[in-house]
Amino acid sequence: FLAICSAVSTMIANSAIQGELALSDTESIWLTTLYLLGINTIVPTGNWFANRFGFKRTYAIGVFLFALASLLAGLATNFFMIAFARFAEGVGAGFIFPVGLALIIQNLPKHRAALGINLYIAGAFGGGLGLGIPISGYFTQFHSWREIFFALFIFGTATAAACWETRAKKPEHEHTPFDFFGFVTFALFVSTILIALTMGPIPATADGWRAPYILAFFIIGALSFSCCLYVESRHPYPLFPLRLFKDPIFSVSLAAMFLLGMATFASVSVSVEYMLNGLFYEKFVAGKIAAVYGIVLALTSILASYLAKIIPVPFLTFAGLLLLIFSYFYNNELSFLTGATQVITILVIRGAGIGLSLGSTTLLALYGIPNELKSSAATILTFFRQIGGTYGGTLISIVSIRQTIFHTARFGEQANTQLPAYRMVLQNIYDKYPSSALAKAAIVKNIETQAYIQGLNDALILFGYVTSVVAVILMILIGYRTLKSRVGML
């Protein structure tokens, strides 16, 4: 819950932090990027550290590190302090996410696993988003962004102390060699691709995707990924057991988990961005509206744990994915004249879709995995969910930026000064503004705003199609396995 709150804090407080610390636009982007980089780099190692030092000890240490880093972020006076703090927060969260899920899977009996996982999703993701966004908006608008991180430190320290007290006094240690080269090549792959995707589309990168250092990052990332696969295939105790990927349902479920991670974090970020920059809502108002999304996600996750007793898990997965896909296409109805009711409706549908499918997809992916590999499988699922949240936002931005340029040109062509409709609109605006220059500027501003909103809508529609393809493939694979098992019984 606290780690999710930290993830969404800069979504709301980014401009306030940038103003107080005098950060450039490029530096402010790094506040979120470094947090996500810390998470994605550490998540795959969580299982090894937990086996080596004990799951509960590793979890408590991760929470302690997260809490201390939050304190440093609240005390930051310059870019380097807050950048280091955000990365350290991400490292702590990188232990929290995979080890927490593994603890639930290990300690609950099989018939209670659905309840545990869905309560985990409800409390962490639903609660973190439902409360984290409005709390961040409230502190940022009426107090100080620093109080967000101080609150994370206070509650994080108390939580870490409680976790430490529940640890095993003499945990069983598993002395397996650490996959050092696998970790190095993987960390290099994750960091270079994330930096390239983040820096490529921003205005500070003069040549865009053709900039030499962006191309170099992509090349290094591709080479690192190839080296990582080679190392993992030969190491006796790999960070990523490649034999897990031989299960087609597990592999396709990872693609679904990536898309669900993108929907969980990136799509709500897009909604907040739309309310702030498209509808020009205040931060606290946008936070209150976005809270509906988290609340619905939490309630639906709890409902899914009870529905799993009477409805097969694949049906819950597909029902949730269908709601998510529908919310993406329904998003195309938004404009700069949209009211709060329509925004809330979309967030409710999307939250319900994620609440139904996130936990059920996790259960579906783990169904055929041997018990000795379930901790590793949970780590991989967590990783794909996190990189979905990380890269998903960047991918949405890349598509929306290109589409915004297209729609700006398309809408701009309609602003023909010779058309009677344009002159009538100009006259109506002129009645409000005492200058024709101001009236024309207002028209241009409306064009830019609607082009920006339509660019976001196009990006979500594209990922709606991608999600549809993954859902269909997953449905075919489950149907094939079910039919095969029935034929075998006959």
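Ala, Val, Leu, Ile, Met, Phe, Trp, Tyr, Cys and Pro count here as nonpolar, Asp, Glu, Lys and Arg as charged, and the others, Gly among them, as polar. The legends below describe a predicted model.

**View 1. The largest pocket and the residues at its centre.** The largest pocket has a volume of about 1500 Å³. Its lining comprises 48 residues, of which Asn14, Ile29, Ser269, Glu273 and Ser397 are the closest to the centre.

**View 2. Helices and residue classes around the largest pocket.** At least two lining residues come from each of helix H1 (2–20), helix H2 (25–42), helix H8 (180–199), helix H10 (248–277), helix H14 (374–413) and helix H16 (436–489). The lining of the largest pocket contains 26 nonpolar, 19 polar and three charged residues.

**View 3. The second largest pocket.** A volume of about 990 Å³ is computed for the second largest pocket. Among the 34 residues lining the second largest pocket, Lys110, Val313, Leu363, Leu364 and Tyr367 are the closest to its centre. Two or more lining residues are given by each of helix H5 (79–107), helix H6 (113–142), helix H12 (313–330), helix H13 (340–366), H14 and H16. H16 gives the most to this lining, with five residues. By class, the lining of the second largest pocket has 21 nonpolar, eight polar and five charged residues.

**View 4. Cysteines Cys5 and Cys163.** Cys5 has a relative accessible area of 11% and is therefore buried, the cut-off being under 20%. Cys163 is likewise buried, because its relative accessible area is 14%. The structure holds zero disulfides.

Methods: Residues numbered from 1 in each chain as written. Predicted model: local features only at pLDDT ≥ 70, side-chain atom pairs only at ≥ 80, totals over all residues. Heavy atoms only, no water. Disulfide = S-S within 2.5 Å. Buried < 20%, exposed > 50% of the residue type's maximum accessible area, 1.4 Å probe, protein only. 1 Å grid on protein atoms, 1.4 Å probe; cavity = no way out; pocket = protein on both sides within 12 Å on 5 of 7 lines; lining within 4 Å. Points joined across faces, edges and corners; volume = space filled by probe spheres on them. Helix = DSSP H or I, 4+ residues; strand = E, 2+ residues; numbered from the N terminus.
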